[in-house]
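Please keep the model open while reading these notes. Each point can be checked against it by eye.

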Amino acid sequence: MQRGADIGYGVDMVRGDAAHPVNQGLACARGIQESRDPDGNWLTRPLVRDDGELRTTTWDVALATATRGLREAHANDPHSVAVLGSGQQTNEAAYALGKLARGGFGTRNYDANTTLCMASAVTAYYQAFGSDAPPCTYDDIEDAEAHVVWGANPAVAHPVMFRWISEAAEETTLITVDPVHSETAENGDHHVAPDPGKDLALARAVLARLVETDRIDHDFVADATDGFEELLATLPTAAEAADEAGVPMDEVELLADAMDRRALLYWGMGINQHVQGTETARALVDLTLATGNLRPGGGPFSLTGQANSMGTRICSSKGSWPGQRAFGDPDHRRLVAEEWDIPVDRLPDDTGPGPVGMLDDSPDAVWTVATNPVAGMPEADSARERLEEAFVVAQDAFHTETTALADVVLPAATWGESEGTTTNMERTISRVRAATEVPSGVRADLDIIATIGSRLFPDLFDATSPDPGDVFEEFTGLTAGTVADCSGISYDRLDENHAVRWPAPDDDSAGGYRYYDDESWSFPTATGNAQFSTGRQQELPEPTDESYPLTLTTAREADGYNTGVRSRGGAVGELVARVHPDTVDLHADRTVQGRLTVASRRGRATVRVDPDEGVPRGMIWLPIHHPATNRLTLSECDPQSDEPHFKQCAVRLLAPETESSAAAGD
């Protein structure tokens, strides 16, 4: 039950819906913890910067100020307006924001936030299968004979799903591949720890071992794939690749044996957030192709980073037009322009860069929706500097590091106050219903987007407060006939069935396992076959050296989400680093009251040290949600996906007195 503003914000109590075909009555505690009377500062009134200070104002003034600033930037150059969305939005709000960014502003500087978490997996799926669609579904979990979790920690990030994996693994096996002995590894059967950033080398070692021991599904490879011979020509020996990955051959064999069974291979940000994220994700897909593991009960299963990451991928017009219509295809562009009733030449010519690249372009205006780039961007000090130079409109439910420097702050409804739909990582669309009325002073994301859009481009939206059902119908209509066809899904159908998995081209159909049907395979690629890849492990962008001898990695905490705004108690709080006890001992002479300073070539942050034997010697583990963490990380990106390299950079430990209070985030 969601409490309204009259008796105090937040969730009072909640339970899962046992009739829902996806969660089956289970509910993630994170959604409750982030909304039950949080200490974070809820936004309840619009704010406008006046004489350097943010001051409470009316919606009329705030919207007028936001509209004027965005209009002035757009008049200079459509691409001088940057728009950042989020996987926190509903499908309807994400669709409307993409429509406004692409069909209104016509800017290439737009992202739906997936480039910070899912772009490498998306690119890999397109390259391998011709479509961004995880083949697997949750139904496959109980049918798998082996579960390999690679570069992910679902015990923390996806607790409901991990319960299903754990239950299934009681009768099978669960292997975790991660440099850190994570909570998932703690609950699994085996843990394989490659050197940081060397997952591609390990994936090639496993494939080479399968080749050397003749455990390849030659019939599947011949019938349904292209490029295997080209891959073999570039494949190192298993021993060479294992040595490069820092993994003994018996553990390579352990993984090869798992892949020789009906295996589900899950991966997450540990793979995607890397300068070779796309190539590494492709290498994991290659393992499933080579072993014929592209069928129910097995396959490559990327785990999304935010609640509606999949929804933004199919509806937000970031990497493709709705329904995965090819961005550069003239017929698709013309159809989208006709549906939106705009000139086709208003649409940008390309998808544009990711968030790192768009801020590097120094846009005149930046509009953020349910995202916090000041804390979430790599090399965060540089991101902050660029935002300080721009006109910033920040739309959020809570005060964040980004709202603190914004020129206009627009208070938006949170999940318990919103209407619409979301799409989970197995392609299933579900309804979102408001538990209470939107509080006075707060407006829904969709309303804010449509209101500003209507003021800037009067004919783009049918209403300033559109009905979410009408927006959903417009979106699904645009997907008709595509590989991500949602045209057979309606609110009435969702009311009756609770959830429907796409593709669903008519009222009676729903998607199942992708690309496979009755012992045959079909892929929307040029040849109709799945494609192997030939990536090789490259040098890391910032290896350790004498000056910076330690490796920093970042990951999620159990209670951290959405840059921690809703879960770190309002105040920034202390930054805690997990460090192996031996590494702590080596720096004992620099430790003051259990604290050290972590320094990279980009910034510094003071941390409280938490000795943890699960972290390898020579590594520093920091939570990605703390605003001080990304002052240290690299802004280098995967050249294919534009996803930043969050998971590895070189650092050193210093005595804390060398750290200024500002850098510490105090």
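In which helix does Arg-455 lie? The points below start there; note that this is a predicted model.

1. Arg-455 belongs to helix α20, which covers residues 445-456.

2. Leaving aside residues up to four places away in sequence, Arg-455 touches Asp-60, Leu-63, Ala-64, Thr-67 and Arg-71. Met-310 is 145 residues from Arg-455 in sequence, and the two C-alpha atoms are 30 Å apart in space.

3. Helix α4 (residues 119-129) and helix α14 (residues 277-290) have axes that come within 8 Å and cross at roughly 50 degrees.

4. On the α4 side, the contact is made by Ser-120, Thr-123, Ala-124, Gln-127, Ala-128 and Phe-129. On the α14 side are Gly-277, Thr-278, Ala-281, Arg-282, Val-285 and Leu-289. Sorted by class, the contact of α4 with α14 has six nonpolar, five polar and one charged residues.

5. The largest nonpolar core has 141 residues. Within this core, Phe-129, Trp-150, Leu-202, Leu-287 and Trp-367 touch the most other members. Helix α8 (residues 199-212) gives the largest share of the core, nine residues. Another core, of 21 residues, lies apart from the largest one and includes Leu-43, Val-356, Val-374 and Ala-390. As background, nonpolar side chains in soluble globular proteins tend to be buried together.

Key
Residues are numbered from 1 along each chain as its sequence is written. This is a predicted model: local features need pLDDT of at least 70, side-chain atom pairs count only at pLDDT 80 or more; totals for chains, interfaces and linings use all residues. Side-chain values use heavy atoms; hydrogens and water are left out. Axes are lines fitted to C-alpha atoms, for helices over the stretch in contact, and angles run from 0 to 180 degrees between N-to-C directions. Helices (H or I, at least four residues) and strands (E, at least two) are DSSP runs, numbered from the N terminus. Contact means heavy atoms within 4.5 Å. Ala, Val, Leu, Ile, Met, Phe, Trp, Tyr, Cys and Pro count as nonpolar, Asp, Glu, Lys and Arg as charged, and the others, Gly among them, as polar. A nonpolar core is a set of buried Ala, Val, Leu, Ile, Met, Phe, Trp, Tyr and Cys residues joined through side-chain atoms within 4.5 Å. Buried means under 20% relative accessible area, exposed over 50%, partly exposed in between (1.4 Å probe, protein chains only).
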